[in-house]
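Colleague: I have a few questions about how the labels in this model were assigned. Could we go through them together?

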Amino acid sequence: MREKKEIENFNFYLKIDSESSPLDTLTLGLFIPISIFIESIIIVGLFGTPSRIENLWYIVLFIFLAMVWSIDQFLWQIIGKEIVIINDKLEIHKAGKLFTSKTFIRIEEINSIEFSVDDQTMKFEEKYFFKGGIIKVQTHKKDIRFGKSLTREKAIEVARAMTSVIEEIECHTAEIGK
């Protein structure tokens with residue numbers, strides 16, 4: 001796991017590489033060509049003898065969506081990264097996938113940042129990166145988690161560093177407002 005952290009002038013930057021088991025990556029890597037093969041057989045059947053196979057478009061669509069999701073998860077496991085940036089707001093980016101996601105939280109909306117193991121998340125969801133992480137950002141509206149591949153010690157260190165930077169930003173903002 002590579003990490004880069006800078007705390008300077010109320011800025012924080014952290015890049016966390018996604019880590020997964022080789023078996024998970026292999027499973028998804030095998031599912032993709034198998035689904036392409038099945039999809040192509042069904043499409044050939046639909047065009048070749050459409051009267052015999054009438055309503056298989058739903059299956060084609062389902063397999064296609066499952067394949068796209070698998071490619072997205074496969075890329076996440078191979079080259080995925082969570083990037084956390086604190087400037088005037090907290091930004092959490094999930095990059096290295098087909099569908100990157102960005103979460104922006106204003107500093108004043110953050111109640112706390114802490115290490116937290118989510119016992120409510122099902123094991124399947126944890127395993128395939130649907131949600132979760134061991135760093136929890138509590139806001140007024142909802143909890144946001146990230147840092148699934150961090151160790152317990154590193155997560156505690158990152159949560160403390162982020163809290164420290166946010167407190168410094170809040171103090172600086174309060175001084176400017178006076």
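Colleague: Happy to start with a pairing: which residue in β3 is the bridge partner of Lys 15?

Modeller: Ile 83 in β3 is the bridge partner of Lys 15. Do keep in mind that this is a predicted model.

Colleague: What makes β2 and β3 a strand pair?

Modeller: Two strands pair if DSSP finds at least two bridges between them. Strand β2 (residues 11-17) is joined to β3 by six bridges, so the two count as paired, and they run antiparallel.

Colleague: And how do you know that β3 pairs with β4?

Modeller: The same test applies. Six bridges link β3 to strand β4 (residues 89-95), again in the antiparallel sense, and at least two are needed. As one example, Glu 82 has Lys 94 in β4 as its bridge partner. With two residues between them, β3 and β4 form a hairpin.

Colleague: Why is β3 called largely enclosed?

Modeller: Buried means under 20% relative accessible area. Six of the six residues of β3 (residues 81-86) are buried, so the strand is largely enclosed by the rest of the structure. Lys 81, Ile 83 and Ile 85 point one way, Glu 82, Val 84 and Ile 86 point the other way, and all are buried.

Colleague: Is Ile 59 buried, exposed or partly exposed?

Modeller: Partly exposed. Its relative accessibility is 37%, and the class in between runs from the 20% limit for buried to the 50% limit for exposed, so Ile 59 counts as partly exposed. Ile 59 lies in helix α2 (residues 57-79). From Ile 42, Ile 59 is 17 residues away in sequence and 8.5 Å away in space, C-alpha to C-alpha.

Colleague: What makes Lys 94 a charge over a ring?

Modeller: The charged end has to be within 6 Å of the ring centre and within 35 degrees of the ring normal. The charged end of Lys 94 sits over the ring of Trp 76, 5.2 Å from its centre. Lys 97 also lies over the face of Trp 76, at 5.7 Å from the ring centre.

Colleague: Which residues touch the most other members of the largest nonpolar core?

Modeller: That core has 25 residues, and the ones touching the most other members are Phe 12, Ile 86, Leu 90, Ile 110, Ile 113, Phe 146 and Met 162. At least two residues each come from β2, β3, β4, β6, β7, β8 and α4 (152-177). Helix α4 gives the largest share, eight residues.

Colleague: And how many helices and strands does the chain have in total?

Modeller: Four helices and eight strands, running β-β-α-α-β-β-β-β-α-β-β-α from the N terminus on. Of the 178 residues, 39% count as buried.

Technical notes:
Residues are numbered from 1 along each chain as its sequence is written. This is a predicted model: local features need pLDDT of at least 70, side-chain atom pairs count only at pLDDT 80 or more; totals for chains, interfaces and linings use all residues. Side-chain values use heavy atoms; hydrogens and water are left out. Buried means under 20% relative accessible area, exposed over 50%, partly exposed in between (1.4 Å probe, protein chains only). A nonpolar core is a set of buried Ala, Val, Leu, Ile, Met, Phe, Trp, Tyr and Cys residues joined through side-chain atoms within 4.5 Å.
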